[in-house]
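Subject: Structure handover

Dear colleague,

Please find the structure below. My notes on what was found come after it.

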Amino acid sequence: MKKTKNTDKKPTILKVDKSLDKYLNKGLFKDKIDKANDVLKKVGIPDFSK
Amino acid sequence: MKIEKYPVIIGATSMVFEFTSEGIRGGIPKLVIYSATHLHNFYNLGFGDKNIISGQIDDEVITNNGDSEKVLATVAATLYTFTDKFPEAMVFVTGSTKARTRLYRIGITNNLEEIQEDFEIFGLVGEKAWRPFQKQTAFDAFLVKRKKK
């Protein structure tokens, strides 16, 4: 079967696998999340106007 | 972005995505996670290689699989799926190293017109202020939000 290339803006979703959501509770990327929270505290958020 | 993307598997929450990089070093599973922060609607985007033995995620590894443009395009494409579900979300993006943050900046710059069709994008300057993204400007992090149509 010939493969088609996806160049759309959205990704092709092969399936939904609810077991992936376990990664939300594993404390992954803690350093980045801490940095995000630090930036929120020190800088805040920009003015999204549109 | 007209760059080819990998197909993804998505979690039921639309906050976790998995895809497989296919390159010169074989198939390498990648995970993209949108994590909540202290502020409602403010999320961190994290992605890295998934160790198929330990299940651990490494966001500092240099994969060198020869497909970085396709990998970044796939990660960027998950923003559409994520913000379809969370249209008010602001997504914080930074690299695990300065070099990787620079790589993200180059990727954004190369696709800026198309990105700005759908997203507002700001860059963090010196960890002191947000500025609208500009080409040829160094940023420490990025913040994107889907435009209202």
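Predicted model: local features only at pLDDT ≥ 70, side-chain atom pairs only at ≥ 80, totals over all residues.

Residues are numbered from 1 along each chain as its sequence is written, chains are lettered from A and ligands numbered from 1 in the order in which they are written, and side-chain values use heavy atoms, with hydrogens and water left out.

Chain B overall

Chain B contains nine strands and three helices; helices (H or I, at least four residues) and strands (E, at least two) are DSSP runs, numbered from the N terminus. Read from the N terminus, the order in chain B is β-β-β-β-β-α-β-α-α-β-β-β. The radius of gyration of chain B is 15 Å, close to the 15 Å that the globule rule gives for 149 residues, so chain B is as compact as a globular protein of that length. That radius is taken over C-alpha atoms, and the rule is 2.2 Å times the number of residues to the power 0.38. Along the principal axes, the C-alpha atoms of chain B fill a box of roughly 40 × 35 × 30 Å.

Of the 149 residues in chain B, 59% are buried (buried means under 20% relative accessible area, exposed over 50%, partly exposed in between; 1.4 Å probe, protein chains only). Taking contacts in chain B between residues at least 6 apart in sequence, 55% join residues at least 24 apart; contact means heavy atoms within 4.5 Å. The accessible surface of chain B is about 6,900 Å², and carbon and sulfur atoms account for 52% of that surface (Shrake-Rupley method, 1.4 Å probe; for residues, only the protein chains shown count as cover).

Helices of chain B

Helix α1 of chain B has 18 residues and reaches 26 Å from its first C-alpha to its last, close to the 26 Å expected at 1.5 Å a residue. The expected span is 1.5 Å times one less than the number of residues. α1(B) is mostly covered, with 13 of its 18 residues buried. One residue in α1(B) is B:T78, which is buried, with a relative accessible area of 0%. Leaving aside neighbours within four places in sequence, B:T78 is in contact with A:P11 as well as B:F17, B:V32 and B:Y34.

Helix α2 of chain B (residues 98-110) has 13 residues that should span 18 Å, and its end C-alpha atoms are 18 Å apart, which agrees. Buried residues in α2(B) are B:R100, B:T101, B:Y104, B:R105, B:I108 and B:T109. Their cover includes β4 (42-50), α1 (68-85), β6 (90-93), α3 (112-118), β7 (119-125) and β9 (141-146) of chain B.

Single residues

A:V39 lies in helix α1 (residues 30-42) of chain A and, at 3% relative accessibility, counts as buried. Not counting residues up to four places away in sequence, A:V39 touches A:G44, B:F92, B:L124 and B:W130. A:V39 and A:S19 are 20 residues apart in sequence and 31 Å apart in space, C-alpha to C-alpha.

Which backbone angles should be checked? A:F29 is not a glycine but has a positive phi of about 60°. A:F29 sits in the loop between β1 (13-16) and α1 of chain A and counts as buried at 9% relative accessibility. B:S14, also not a glycine, has a positive phi of about 65°. B:S14 is in the loop between β1 (8-10) and β2 (16-23) of chain B and counts as buried at 11% relative accessibility.

Regards
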